[in-house]
Amino acid sequence: MPERSIPRPSRPRRPTRKPQQDGGVEDYRVPRWHDDGRLGAKKFVRRATETSSGRRGVLKHMADPPMPGEGRVDKWRKVRRQRFYAEALFMRQVNGSPGILPIWDIDGAHGDKPRWYAMPQARLLDDAFNDTSTVVDVVTHVAALARTLAVLAEEGIYHRDIKPDNLFWYEDAPVLADFGIAAFAHLPAGLTQAGDKVGPANFIAPEMRSTSDEDRGERADVYSLAKTLFVLAHPHRGPYPPDGTHRVDAEEFSLSTLGSPTATLALGHVLEAATQQRVHNRLTMADFHAELLSWLDRYATTAARFRAIASRTRGGWGPDLWDRQRRDVEATRAMMLPCIRRIAETLTADDSAWSEGVDHDNGDRTLGEYGWIDNCEEGFIPDGGTIWMATRLHDGRRIVLQAVLDDRVCFLAEAQRGGPPWALEQQWGPTPWQRARMPQTVDQLQRLADEVVAWISNLTPATSAEGRPEGTVSTL
């Protein structure tokens, strides 16, 4: 008897979504607006023209709108839709509020589940800065955004996606947009999936990198806004800030190339407090706003002390130059380490008796005159910053070894006494400018260290106790 095949049970076919075409006229047709094609990488963000007035704007559509006969929908597609509903209704609710991009129109055919809304096409905030803008301009506009975010935080609303791409310039003021992953007071934690990263890479607060449904990110925005301020102030360093807490004594977080050392250091301390790893140690948004206003009150009137952020000598910093600068710094530090250890051992008999990083509260600075040509109101400020190393205090004396990076590198050393405040006892250098990472540069630094070691070794008990005449100079 021949075998009989058993028919498989039929399954209901899923409705197929019509492929979205780049023109978008049919797929993104809405009342009152003519679709003019996609804006950027996301197909659901479209350029559009209002048919009645001819004004041009941007329509943001739901990424995956419901379809007839769709039936059951996976959980996270529902979540994405709920996010969009919440965002669109929020934008309508706050329409006209200072600091938030307004909307011109919204889908009225689907009640509390709108599928699109229209807004003006604004410029990115980053594009509003020009060749004359300084860090004062950046702080001024970021402070305005901090005020808006502080008001929202009082209402239990947190943006959670702060980054330069979501900050805009509209009608001569900075504004927020794109509340797609925001936490709203009436909804659970912005409708995020447990374990999802919430926020943009390199701008994300530590607690939001693996969030739970209960984590609303009460102080995540202040972390991201502080990181954004750093990126806007350094337009040629690349699109992302260094990760982690903004340490004022770390070269990668330095603001010194922006102008006045006193002002940039003070701003650095604000950014450090705003990017603390532990949430309870971090500034609130209201406190961040207040600190930025206080900084502006103190320093904004001295605008001549700040360099234009959009210009750099020698044609600016592209990604290649920034990578080269990073490698120059790393290599220079590596070649300095054996020298400072040798100097420390000669002075203190302990090759570990030294520290790295400028401590401004301890009066750390070079005291000698080095003849560099001024490049700003504050004098000479190297584009590439400096690397500072100093021995521990021994018999009232310490030795400072410093590298100055400004496309090339040179070195100097000083013997300082009695601080703080410190008095200059002896100085060596600066060495001639050399390419970083070159064998001749290493030789030059070692010769400098030889001079310092010889000077320490030749100190007599009298000179050790009393010191040499201030400003004694040795040059290579």
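This is a predicted model: local features need pLDDT of at least 70, side-chain atom pairs count only at pLDDT 80 or more; totals for chains, interfaces and linings use all residues.

Mentor: Start with an open sheet of five strands, ordered E1-E2-E3-E5-E4, with antiparallel pairing.

Trainee: What makes E1 and E4 the edge strands?

Mentor: Strand E1 (33-38) and strand E4 (105-106) each pair on one side only.

Trainee: How do you know that E3 and E5 pair?

Mentor: Pairing needs at least two bridges. Strand E3 (residues 56-61) and strand E5 (residues 116-120) have five bridges, in the antiparallel sense. So the pair meets the criterion of at least two bridges. Gly57, for example, has Pro120 in E5 as its bridge partner.

Trainee: What packs on this sheet?

Mentor: Helix H1 (residues 75-93) does, touching E3, E4 and E5. The direction of H1 makes about 45° with that of E5.

Trainee: How do you know that the span of H1 agrees with its number of residues?

Mentor: H1 has 19 residues, and at 1.5 Å a residue it should span 27 Å. Its end C-alpha atoms are 27 Å apart, so the two values agree.

Trainee: Which residues of H1 are buried, and what do they pack against?

Mentor: Among the buried residues are Val79, Phe84, Tyr85, Phe90 and Met91. The buried residues of H1 pack against E3, E4, E5 and helix H2 (135-154).

Trainee: Which aromatic cluster does Phe90 belong to?

Mentor: Phe90 forms one aromatic cluster with Phe179 and Phe184. The structure holds 10 aromatic pairs.

Trainee: Why is Arg55 said to lie over the face of Trp104?

Mentor: The distance cut-off is within 6 Å of the ring centre, and the charge must also be within 35 degrees of the ring normal. Arg55 is at 4.1 Å from the ring centre of Trp104 and lies over its face. The charged end of Arg398 likewise sits over the ring of Trp422, 3.8 Å from its centre.

Trainee: How many bridges join E6 and E7?

Mentor: E6 and strand E7 (residues 167-169) pair over two bridges, antiparallel. The cut-off is at least two, so the pair qualifies. Arg123 has Trp169 in E7 as its bridge partner.

Trainee: Why is Asn166 called buried?

Mentor: Buried means under 20% relative accessible area. Asn166 has 5% relative accessibility, so it counts as buried. Asn166 lies in the loop between H2 and E7. Its contacts include His159, Asp161, Val175 and Asp178.

Trainee: Why is strand E10 called largely enclosed?

Mentor: Five of the six residues of E10 (residues 386-391) are buried, so the rest of the structure largely encloses this strand.

Trainee: Which strands pair with E10, and over how many bridges?

Mentor: Three bridges join strand E9 (residues 354-356) to E10. Glu356 has Met389 in E10 as its bridge partner. Five bridges join E10 to strand E11 (residues 397-406). There, Thr386 stands opposite Val404.

Trainee: What lies between the two strands of the E10 and E11 hairpin?

Mentor: Five residues do, and Asp395 in the turn has a positive phi of about 55°.

Technical notes: Residues are numbered from 1 along each chain as its sequence is written. Side-chain values use heavy atoms; hydrogens and water are left out. Helices (H or I, at least four residues) and strands (E, at least two) are DSSP runs, numbered from the N terminus. Contact means heavy atoms within 4.5 Å. Axes are lines fitted to C-alpha atoms, for helices over the stretch in contact, and angles run from 0 to 180 degrees between N-to-C directions. The expected span of a helix is 1.5 Å times one less than its number of residues. Buried means under 20% relative accessible area, exposed over 50%, partly exposed in between (1.4 Å probe, protein chains only). Rings of Phe, Tyr and Trp (its six-membered ring) pair if their centres lie within 6.5 Å; planes under 30 degrees apart count as stacked, over 60 as edge-to-face and the rest as tilted. Lists of a residue's contacts leave out its neighbours within four places in sequence.
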